Amino acid sequence: MKVNVVGSGYVGTTLAACLADLGHEVTAIDIDQSVVDAINAGRAPLHEPGLDELLAEHVGERLHATTSYETLPNADITFLAIGTPSEADGSIDVGPLSAAAEMVGEALAGADPGAHLVVVKSTITPLGLADVREALAAGVGDGGGDVAFATNPEFLREGTAVADFQDPDKVVFGTESDSALATLEQLYAPLIEASDSPVVRTDPATAMMIKYANNAFLATKISLANDLGNICKEFGLDAYEVMKAVGLDDRIGSAFLRSGVGWGGSCFPKDVAALIAAARATSYEPPLLNAAVDVNDRQPERLLALLDEHVDIRGERVAVLGLAFKPGTDDVRNSRAIPLIEGLQERGADVVGYDPVATETMLERFPDIEYTDSAADALASAVGAVVATDWDEFAALDDEFDAMAEPVVVDGRRIIERREGITYEGLTW
């Protein structure tokens, strides 16, 4: 099939590359010429394992990128993968997505009559869908062709996005059109047959609510694990031993029970905030989601309080190990390293950060702290270290701690083992 993907961020680029890998002809459309140039050169405009390999394999054959919307009418499907940034109150800004939908409608307005399917891949609340549909209809106008509408939420984790696409837990189609549903099933047929993934067929708004409910549940599960972990710490118990046993209950499961410094990234904070804001718009205040956010926001300060118990960091060098919100990505959006760095700066510490891939992106957020090329350089002469991201290389650190002025390590991810010669604190163990 011929497919357009409008927007080349994490979701759009992964979608375009993976659809090309399924055998479809894909055009990636983005307003940023540098992003387009990178894709056409076979390079991902972001760090995502496996994505460069897919682009290198398919660019120039089944995949190419452009800034032009002229290719839209020649395709069967157009996906909208435009970001929906958060407003100050947590609600999402549908303006960029609506603008893209209108431009897509305008590009399709002059096309020959015939069915074209526009699919919203962006994460948008059920309340915001009407705005996007209206923008699309306004662009098409009265004389446009037959344009169908659907939603197809993504469930991709940064760092494993390619694998998540290729072997999904579920595929969700949201549409009221039989022809649109048939088109989506044809598009995804190779994936569904290969992965034997369950397919959920529903209406557009319910499909998006599934996405929000999914992320809200996982975020709340992590916050509950963190709350219980904090209690375990007060009792002098190892929360990991406790939650390992809890996870054996098949009603609960072992995933997302690792307690620590909290969740971040582009999805959980944004989606939970958007769902809370959407609920408030209907005059419902969601107490459990509010509590999940509150627990998450408190974890970095709890970690820093443990550091304060062992060393006075004012005017001293403190290493922050890990800057990305999770391993496998260079994304620092809502990284737990951010409140840790801010808390250290408020205490007057001389902050030095290290991350295998996220230094450049964090540099934009904190241009005034020191960055090093290795964990060893970050630890040298430091009076303390805090762990914000569980990169595998941190588990191998050993002699590097000997170069610290005061070997105090507070681990927010349980990636470093206790050892002789360091004062080690686990956040919830």
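## The two faces of helix α3

On the face of α3 turned away from its buried side lie the exposed residues Glu53 and Ala56, where exposed means over 50% relative accessible area, buried under 20% and partly exposed in between, with a 1.4 Å probe and protein chains only. Helices (H or I, at least four residues) and strands (E, at least two) are DSSP runs, numbered from the N terminus. The model is a predicted one, in which local features need pLDDT of at least 70 and side-chain atom pairs count only at pLDDT 80 or more, while totals for chains, interfaces and linings use all residues. Residues are numbered from 1 along each chain as its sequence is written, and side-chain values use heavy atoms, with hydrogens and water left out.

Within α3, which covers residues 51-58, the buried residues are Leu51, Leu54, Leu55 and His58. Seen down the helix axis, these buried residues fall within an arc of 95°, so they line one face of α3; the arc is that of the directions from the axis to the C-beta atoms. They pack against α1, α2 (33-40), β3 (63-66) and α6, and just after the helix Gly60 takes a positive phi of about 90°.

## Nonpolar cores

A nonpolar core is a set of buried Ala, Val, Leu, Ile, Met, Phe, Trp, Tyr and Cys residues joined through side-chain atoms within 4.5 Å. The largest has 52 residues, and those with the most contacts inside it are Leu307, Leu321, Leu344, Phe394, Val409 and Ile416. The largest share of this core, five residues, comes from α12.

Leaving aside neighbours within four places in sequence, Leu321 has contacts (heavy atoms within 4.5 Å) with residues including Tyr354, Ala375, Phe394 and Ile416. A second, separate core of 41 residues includes Ala16, Val26, Ala150 and Phe173.

## Pockets

A pocket is taken here as an open set of points on a 1 Å grid over the protein atoms alone, where a 1.4 Å probe fits, with protein on both sides within 12 Å along at least five of seven lines; lining residues have an atom within 4 Å of a point. The largest pocket has a volume of about 1200 Å³, a volume being the space filled by probe spheres set on the points, which are joined across faces, edges and corners. Of its 47 lining residues, the closest to the centre are Arg157, Leu218, Phe256, Phe268 and Lys326.

The second largest pocket has a volume of about 820 Å³. Its lining comprises 36 residues, of which Ala81, Ile82, Gly83, Thr84 and Arg333 are the closest to its centre. The largest share of this lining, four residues, comes from α1.
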